[in-house]
Each structure stands twice: as C-alpha cells, then as structure tokens.
Amino acid sequence: MREPVTAYLALGANLGDARAALRVAVQRLRQTAGITLTAQSSFYASAPVDSSGPDYINAVVAVRTELTAPALLCCLQDIESSAGRERPYRNAPRTLDLDLLLYGQGQISSLALTVPHPRMWQRAFVLLPLAEIAPHCVPQEHLNAVRDQDITRLS
C-alpha cells in the first residue's frame, strides 16, 4: 500500500447544469476507492479563458490519495467521460473538466501529465479557490498577477 499523498484538483464546467456537474463530480470522487476528499472550495463563476461559451463554474478540492498520479488522472478522466465530456478541439466548452493541479511535492513531466499543472499560476479560476482551501499553496504574488481576471465567488 502506498503512503497517502495530498493532491489538489480543479473542477470546472460551462455546458449544461455546471453546478450540478461539479456536485456530481465531487460525489464521484468521494465514492472512489483510494481517494478521501478533505476540503472543497466555494464555487466560482468566471469568464472563459482561451475558450468560448458561457461562463464557467469552478472549484478546487483537496484529496488524500493512495493512487499514483497517473492512476488519479485516469480516475478523473473516467469521471469526465461519465459526465459526457467531449474533446472536439483544444479548450472547447465542456460539461466537466477535472485537472490534477498538485500531487504532494511531486513534479511530473510526461506526455500524459504535467504536475504542477502548467497554467495554474496564470488562472484566477484556479488560484482563488485553491487559496481558499490551501492558502499555503498560493503565493501572494501569483494572486496579485491574476487580480484583473473576472471571477465571482458564488454563495
């Protein structure tokens, strides 16, 4: 058995009932063997970045997991697929998007996975919810760099 690792996952959707899609994704994560959900941010609304379509609903969750990073990614992709996720082109609007942001202190660079997520430091829709549940993971200078991006914390 592997030693559990804390990982942070970004959740987003902008097609269909995006809030419901995120709630179902969180429930699916809770039901996945080898994953324990430990924290969940508020939901946030944000305009698409390098994408199109309606505003996104975003959140970040923290999990403790015994899964390897590639196995965790596979679980995330299975949950996306069950939500009807299609990938017709890069950054297409989506029913559900789940990204592995951080995996312990790990740094991974492969064709299938890059950790830390390569664009997370440029996106308010990732950094604000991450800072809400794990302020130690988000340096103030990164928050300052995205302060002009349009994002609203939802109740």
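**Exercise 1.** How much space lies in the second largest pocket, and which residues line it?

*Solution.* First, the ground rules: this is a predicted model, where local features need pLDDT of at least 70, side-chain atom pairs need 80 or more, and totals for chains, interfaces and linings use all residues. Numbering starts from 1 along each chain, and side-chain values use heavy atoms, without hydrogens or water.

Next, the volume (space filled by probe spheres on the grid points) is about 200 Å³. A pocket is an open set of points on a 1 Å grid where a 1.4 Å probe fits, with protein on both sides within 12 Å along at least five of seven lines; lining atoms lie within 4 Å of a point. The lining includes Thr6, Tyr8, Leu102, Pro116, Trp121, His136 and Cys137.

**Exercise 2.** Where is proline 116, and is its peptide bond from valine 115 cis or trans?

*Solution.* Start with the place: proline 116, also a pocket-lining residue, sits in the loop between β7 (114–115) and α3 (124–133); DSSP runs define helices (H or I, at least four residues) and strands (E, at least two). Most peptide bonds are trans.

**Exercise 3.** Which residues of α1 and α2 make the contact?

*Solution.* Ala25, Arg28 and Leu29 of α1 meet Leu76, Ile79 and Ser82 of α2, with contact meaning heavy atoms within 4.5 Å.
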